[in-house]
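I opened the model today and kept notes as I went. Here are the entries, in the order I looked things up.

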Amino acid sequence: MYDAYKDSELIIGLVAPLGVNINSVENIIRNYIKQFKYDLHTIKLSDIIKKLPYKRNKVVEDTAYNRIYTLMEAGNELRKNTKNYILTMYAILDIYRKRTNDQPLKKTAHLIRQFKHPEEVLVLRRVYTHGFFLLGISSSYNNRLQYLNEELGIDEDDAKFLMEKDEEETFLYGQHTRDTFYLADGFIDIDADDDKDQFFRIFDLLFGNPHITPSPDEHAMFLAFASSFRSGDLSRQVGAVISSSEGDIIATGTNDVPKYGGGLYSTDDPVLVRDIEKGEDSNKIRKKEIVKKIMLKTKGLNENNITEEEKRKLVDEGEKLLKDTGVLEITEYGRTVHAEMEALLTCARIGVSARGGILYCTTFPCHNCAKHIVATGITKVIFVEPYPKSKALDLHDDSIFYAHDIKKGEDSNKILKKEYHTKEDQNKVIFQPFVGIGYRRYSDLFSMKLSTGLEIKRENDGIKIKWDRNKASLRVTLLPMSYIELESTVLKDWTEFIKGLDK
């Protein structure tokens, strides 16, 4: 059945922080995908924002700053009015309208640039399932700032403001690039010397190259995500893995409550008293108590003289008032051991040294974990999800080198191999973003038989099969009877929703 759709459509999404040159990314993809005899159809969500009428905020294009800022504001308003779905739905409509008689478009890749909210990605995944592949494009803060300042002519302070706004707005329907980036299926560092090779490798995997195997980083990060699934933490699941300098996995960890005798509680224990069983997050409870006490003291109130409802309103007011003070970022009252710490403690329990090893973590380590990582002798930390509350880089700039501080023109390969420009930098732990295939598509693209798509072979009668891009087909194909029907159904419901907006 799959062979009938070997020329299947491919839906590619891009997510990148502000300041990444997305035009150059599109050109790399367009030029390379021609080798597979595929055409590229590009959909810009920014163009959709400009065209749609369901907003008061208009896009002003007299300067680069005004264009970006007003696009953000207009996009936020559109998401609010339509619960985050509108831009994705119009992207689906764009794809649907290109069809003739509801027939699939052979050898066509649709590139959607670029996503700013997790809900937009989830809609595409519901409609196109494994036929949708999200690429996360990373670049250093310095390089992005330089691009906005020197290439687009935006004042440096204005550029910094836009970058912060893009990364994470408190507004529910605002820009949430950081949370969206975490959902990517493949991660590329556009600053690296081999950035084009990273693109080429991912597309070769998508088109079934049977001779590519996981890198040590991909293997370890997959295990880190697998470890995270064991967590019963109420708020988030984090996983970590420690490997030796030679790539041997020596410890894993997740975030959960410690138990007597060592280790964490698991479902095999006869008595479970994790947060998931107790029903509360002790850290959040304690933070609310602190906020309440601050508000009572500043307002001169006696807790015994006010109602529970008044206390709740007081805490709500306090949390809004103190949101930028750092008080709400306190973490030390939690009962859970962090994943990174549990991995380090595992090494201690089993008598294996972590010195000289690499720590892989699904999220950027907090400052509490960072100091122990440095003290243990770990030489490199590789992470996927940024963690803006972490003060690791501020508190330990003497012992941590953030790979995304590399400036344009510097040789990143030499820097990451510890061939630094200064002697001081040679004695620092490298913190760098993950590059490669993410955990969501690990089995799909690396397994020969367990993929949701086609099985692949590496040999024929004992001879290695020659793989040819000109003859290659997608590893995971879209079946028209599923996704075109979903497109039609979703757009029908969407049409009814739009009619309500038009009234």
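**Entry: Leu162**

I found Leu162 in helix α7, residues 156-167; helices here are DSSP runs of H or I with at least four residues, strands are runs of E with at least two, and both are numbered from the N terminus. This is a predicted model, where local features need pLDDT of at least 70 and side-chain atom pairs count only at pLDDT 80 or more, while totals for chains, interfaces and linings use all residues. Residues are numbered from 1 along each chain as its sequence is written, and side-chain values use heavy atoms, with hydrogens and water left out.

Is Leu162 buried or exposed? I read a relative accessible area of 0%, so Leu162 is buried (buried is under 20% relative accessible area, exposed over 50%, partly exposed in between, with a 1.4 Å probe and protein chains only). Leaving out residues up to four places away in sequence, I listed Leu18, Tyr65, Ile68, Tyr69, Met72 and Ile154 as what Leu162 touches (contact means heavy atoms within 4.5 Å). I also checked Leu145, which is 17 residues from Leu162 along the chain; their C-alpha atoms are 9.9 Å apart.

**Entry: the sheet with β1**

I traced an open sheet of 6 strands, ordered β2-β3-β1-β4-β5-β12, with mixed pairing (two strands pair if DSSP finds at least two bridges between them). At its edges I noted β2 (39-44) and β12 (436-437), each pairing on one side only. Inside the order, β1 (residues 10-15) runs parallel to β4 (residues 132-138), and I found 5 bridges between them. Gly13 has Leu134 of β4 opposite. Helix α4 (residues 86-97) lies across β1, β2 and β3 (108-113), at about 145° to β2 (axes are lines fitted to C-alpha atoms, for helices over the stretch in contact, and angles run from 0 to 180 degrees between N-to-C directions).

**Entry: the sheet with β6**

I then turned to another open sheet of 6 strands, in the order β7-β6-β8-β9-β11-β10, also with mixed pairing. Its edges are β7 (249-254) and β10 (400-402); each has a single partner strand, so one side of each lacks a neighbour in the sheet. Strands β6 (residues 239-243) and β8 (residues 358-363) run antiparallel and are joined by 4 bridges, and Ile242 has Leu359 in β8 as its bridge partner. Helix α14 (residues 339-350) packs on this sheet, touching β6, β7 and β8, and its direction makes about 135° with that of β7.

**Entry: helix α12**

How far does α12 reach from its first C-alpha to its last? I got 26 Å for the 18 residues of α12 (282-299), close to the expected 26 Å at 1.5 Å a residue; the expected span is 1.5 Å times one less than the number of residues. Its buried residues include Ile290, Val291, Met295 and Leu296, and α13 (308-321) is among what covers the buried residues of α12. At the N-terminal end I found Asp281 as the cap, with a side-chain oxygen 3.0 Å from the backbone nitrogen of Asn283. Gly300 follows α12 with a positive phi, near 70°.

**Entry: aromatic rings**

My search of the whole structure gave 20 aromatic pairs (rings of Phe, Tyr and Trp, the last by its six-membered ring, pair if their centres lie within 6.5 Å; planes under 30 degrees apart count as stacked, over 60 as edge-to-face and the rest as tilted). Phe181 and Phe187 have ring centres 5.6 Å apart and planes at 55°, so I logged the pair as tilted; both residues are buried. Phe364 and Tyr402 have centres 6.2 Å apart and planes at 85°, so that pair is edge-to-face. The pair links distant parts of the chain, 38 residues apart: Phe364 sits in the loop between β8 and α15 (367-376), and Tyr402 in strand β10. I also noted one aromatic cluster formed by Tyr32, Phe36, Tyr38, Phe200, Phe207 and Trp467.

**Entry: Arg458**

Last, I placed Arg458 in the loop between α18 (442-446) and β13 (459-460). Arg458 is partly exposed, with a relative accessible area of 30%. Its side chain reaches the backbone oxygen of Pro210 at 2.6 Å, and among the other residues that Arg458 touches are His211, Ile212 and Met448.

Note on methods:
A polar contact is a pair of N or O atoms within 3.5 Å; within protein, one must be able to donate a hydrogen and the other to accept it, and residues adjacent in sequence count only if both atoms are side-chain atoms.
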